Amino acid sequence: MKKIDNPDRKNWKSLLQRTMLATDEITETVNAIFGEVRDTGDRALKKYTHKFDGIALGSFKVTAAELDHATNFVADDLKKAIDIARANIEKFHRAQQTKKTVVQTMEGVECWQEKRPIQKVGLYVPGGTAPLFSTVLMLAIPAQIAGCQEVILCTPPNDEGKVHPAILYTARLCGVTKIFKLGGVQAIAALTFGTETVPAVYKIFGPGNQFVTKAKQEAIKYGIAIDMPAGPSELLVVADDSANAAYVASDLLSQAEHGPDSQVILVGRSKQLLVQIEVELEKQIEQLPRKAIAKQAMANSKMIFVDNDDTAIDLINYYAPEHYIVCTRNAAVYIERVHNAGSVFIGNFTPESAGDYASGTNHTLPTHGFARQYSGVNLDSFQKSITFQKISEIGIQNLGPVVQQMAAEEQLWAHKNAVTLRLNDLNGKTL
């Protein structure tokens, strides 16, 4: 990690720069694949699955027999862990449900809002260097609670044409409608346009690499919604001398091992602690099976000493981290003043990995600074809010003159007439 001491604010932009989300080369590749999938459907999917995943598939759809088979290859202990995580995630997301509240804005005028599920959603689950069955929980559970009619899951096959059994087991457990062995840009394109075998959806969810992120942004051009722009995983930890150096190091490495383009930031309020954390990082990273990946990510990461809380808080909000761990004596100050973060973890015994798997909160979060304007995935992500109003005879008499006057000022005479006709009828008049 690069070490910086009290950086000047004018240097924050360059200091906290992330990996570029999409190069010209990535954009060109995405556009080409989208064009082929739109024009040739399954033929393009087979071509790119063979090219990128190294397997020629006769069919992309996961069969019931494959789902049954996968169940037998998931250890009982893992099944129990998945069940506990599912229960926690379900409990947290069910608590986000809201009831209809009818508001009488004036006598005879009633307004209310109701939630409706997005009928068709697509879930993208990475399966490359790490088969993220936890992402199935995070996406399929709120989709199920929301009442989405079609929940389509795409995940890349391995070089044997199979999907990790834990992904299949979890998908069945959480009510996924259909599962396809499709990864990368071609999966997002298939969900965007639909093919002979893959249904098109209305909204696409899920994390991925820079190609997947660009593909999701491309889908927007064709009228498909996405959960959020999301790039490589990231974590920021703020810590003072009340923090446990070993714990902090383990949290930093837990995100660094996601991928070589991941980024972790340590904001330290104690120089002695930073030295201790640096020692722990060197020791712990050597024990990781994915240390080569973690080392690449750590080379793109920063250890920053800041000598006061106000500056530290400003820097953190400027960075807008995906994951944000607060390990300070005055944690309440940092929590109260956080404006930009995907998800916040508080105290020495709240590792970020708890949120990744099983505490109950969702781990699909905005990265690359998008926490300034986007929320992480939640129940509302799978729903639309529709407003309703009902106006009685008394209501139109009370409200009508207001609408007439405003419409006339805007010179929208048909708007005014729609009210005038009703008021004249109620008053026994004709035009």
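Predicted model: local features only at pLDDT ≥ 70, side-chain atom pairs only at ≥ 80, totals over all residues.
**Exercise 1.** Describe the surroundings of strand β5 (residues 150–155): how many of its residues are buried, and which strands are joined to β5 by bridges?

Solution. 
1. Of the six residues in β5, five are buried, leaving the strand mostly covered.
2. Strand β4 (residues 120–124) runs parallel to β5, and five bridges join the two. Leu123 has Leu153 in β5 as its bridge partner.
3. Strand β6 (residues 178–181) also runs parallel to β5, with four bridges between them. Here Cys154 stands opposite Phe180 in β6.
4. With helix α7 (residues 165–173) placed in the unit, β5 and β6 form a right-handed β-α-β arrangement.

**Exercise 2.** Work out the strand order of the open sheet that contains β2, β3 and β14, and state which strands are at its edges.

Solution. 
1. The three strands are ordered β2-β3-β14 and pair in antiparallel fashion.
2. β2 (103–106) and β14 (383–391) each pair on one side only, which makes them the edge strands.
3. From one strand to the next, the twist averages 30°.
4. Three bridges join β2 to β3 (residues 109–117); Met106 has Val109 in β3 as its bridge partner.

Conventions
Residues numbered from 1 in each chain as written. Heavy atoms only, no water. Buried < 20%, exposed > 50% of the residue type's maximum accessible area, 1.4 Å probe, protein only. Pairing = 2+ DSSP bridges. Right-handed = clockwise from strand over helix to strand, strands pointing away. Axes fitted to C-alpha atoms, helices over the stretch in contact; angles between N-to-C directions.
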